[in-house]
Amino acid sequence: MIESIRPAGQPLVDDWDCLKMLVRIYGEICGLLSVYGKKYTRAMANMCNAGINEKQMTLASNQACMK
């Protein structure tokens with residue numbers, strides 16, 4: 001998901017509300033993204049484009065942050 005790149009001319013994400021939701025969920029569970037960490041928002045955009053939902057992101061964030 002991190003290295004997936006959309007073709008030129010396409011937006012980063014199809015559903016901006018989804019991207020905001022995934023960033024919010026990650027921030028609530030793991031803490032806000034640092035300037036360096038914001039480079040991973042592309043991975044979250046790819047997750048939205050792949051159909052990842054709120055429950056899946058919550059589970060993944062809990063696992064990633066050991067909470």
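## Basis of the model

The model is predicted, with local features needing pLDDT of at least 70 and side-chain atom pairs counting only at pLDDT 80 or more, whereas totals for chains, interfaces and linings use all residues. Residues are numbered from 1 along each chain as its sequence is written, and side-chain values use heavy atoms, with hydrogens and water left out.

## Packing of α1 against α2

Two packed helices are described by the angle between their axes and the distance between the axes. Helix α1 covers residues 16–30 and helix α2 covers residues 41–49, where helices are DSSP runs (H or I, at least four residues) numbered from the N terminus. These two helices pack at an angle of about 125°, with their axes 9 Å apart; the axes are lines fitted to C-alpha atoms over the stretch in contact, and angles run from 0 to 180 degrees between N-to-C directions. That makes α1 oblique to α2, given that angles under 35 degrees count as roughly parallel, over 145 as roughly antiparallel, 65 to 115 as roughly perpendicular and the rest as oblique.

The crossing of α1 and α2 is right-handed, a term for a near helix turned clockwise from the far one by less than a right angle, with anticlockwise giving left-handed. On the α1 side the contact (heavy atoms within 4.5 Å) is made by C18, L19, L22, V23 and Y26, and on the α2 side by T41, M44, A45, M47 and C48. By class, this contact of α1 with α2 has nine nonpolar residues, one polar residue and no charged residues; here Ala, Val, Leu, Ile, Met, Phe, Trp, Tyr, Cys and Pro count as nonpolar, Asp, Glu, Lys and Arg as charged, and the others, Gly among them, as polar.

Within α2, the residues A43, M44, A45, N46 and C48 are buried, which stands for under 20% relative accessible area, with exposed meaning over 50% and partly exposed in between (1.4 Å probe, protein chains only). The cover over the buried residues of α2 includes α1 and α3. After α2 comes G51, whose phi is positive, near 90°.

## Packing of α1 against α3

The axes of α1 and α3 come within 9 Å and cross at roughly 35°, and α1 passes α3 in a right-handed crossing. Helix α1 contributes M21, L22, R24, I25, Y26, I29 and C30 to the contact, while α3 contributes E54, M57, T58, S61 and N62. Sorted by class, the contact of α1 with α3 has seven nonpolar, three polar and two charged residues.

S61 lies in helix α3 and is buried, with a relative accessible area of 2%; leaving aside residues up to four places away in sequence, S61 touches I25, Y26, I29 and C30. E54 also lies in helix α3, but E54 is partly exposed, with a relative accessible area of 41%, and beyond residues up to four places away in sequence E54 touches M21, R24 and I25. E54 and A43 are eleven residues apart in sequence and 15 Å apart in space, C-alpha to C-alpha.

## Disulfides

A disulfide is a covalent bond between the sulfur atoms of two cysteines. With a disulfide taken as a pair of cysteine sulfur atoms within 2.5 Å, the count comes to two. One joins C18 to C48, with an S to S distance of 2.2 Å, and this link is left-handed, with -95° about the S-S bond. The pair links distant parts of the chain, as C18 is in helix α1 and C48 is in helix α2, 30 residues apart; both C18 and C48 are buried.

C30 and C65 form a disulfide in which the sulfur atoms are 1.8 Å apart, and the torsion about their S-S bond is about 110°, so this disulfide is right-handed. This pair too links distant parts of the chain, with C30 in helix α1 and C65 in the segment after α3 (54–64), 35 residues apart. C30 counts as partly exposed at 22% relative accessibility, and C65 counts as partly exposed at 22% as well. With the bonded cysteines of the protein chain numbered in sequence order, the pairing is 1-3, 2-4.

## The loop between α1 and α2

L32 is placed in the loop between α1 and α2 and counts as exposed, at 79% relative accessibility. The C-alpha atoms of L32 and C65 are separated by 12 Å, although these residues are 33 residues apart along the chain.
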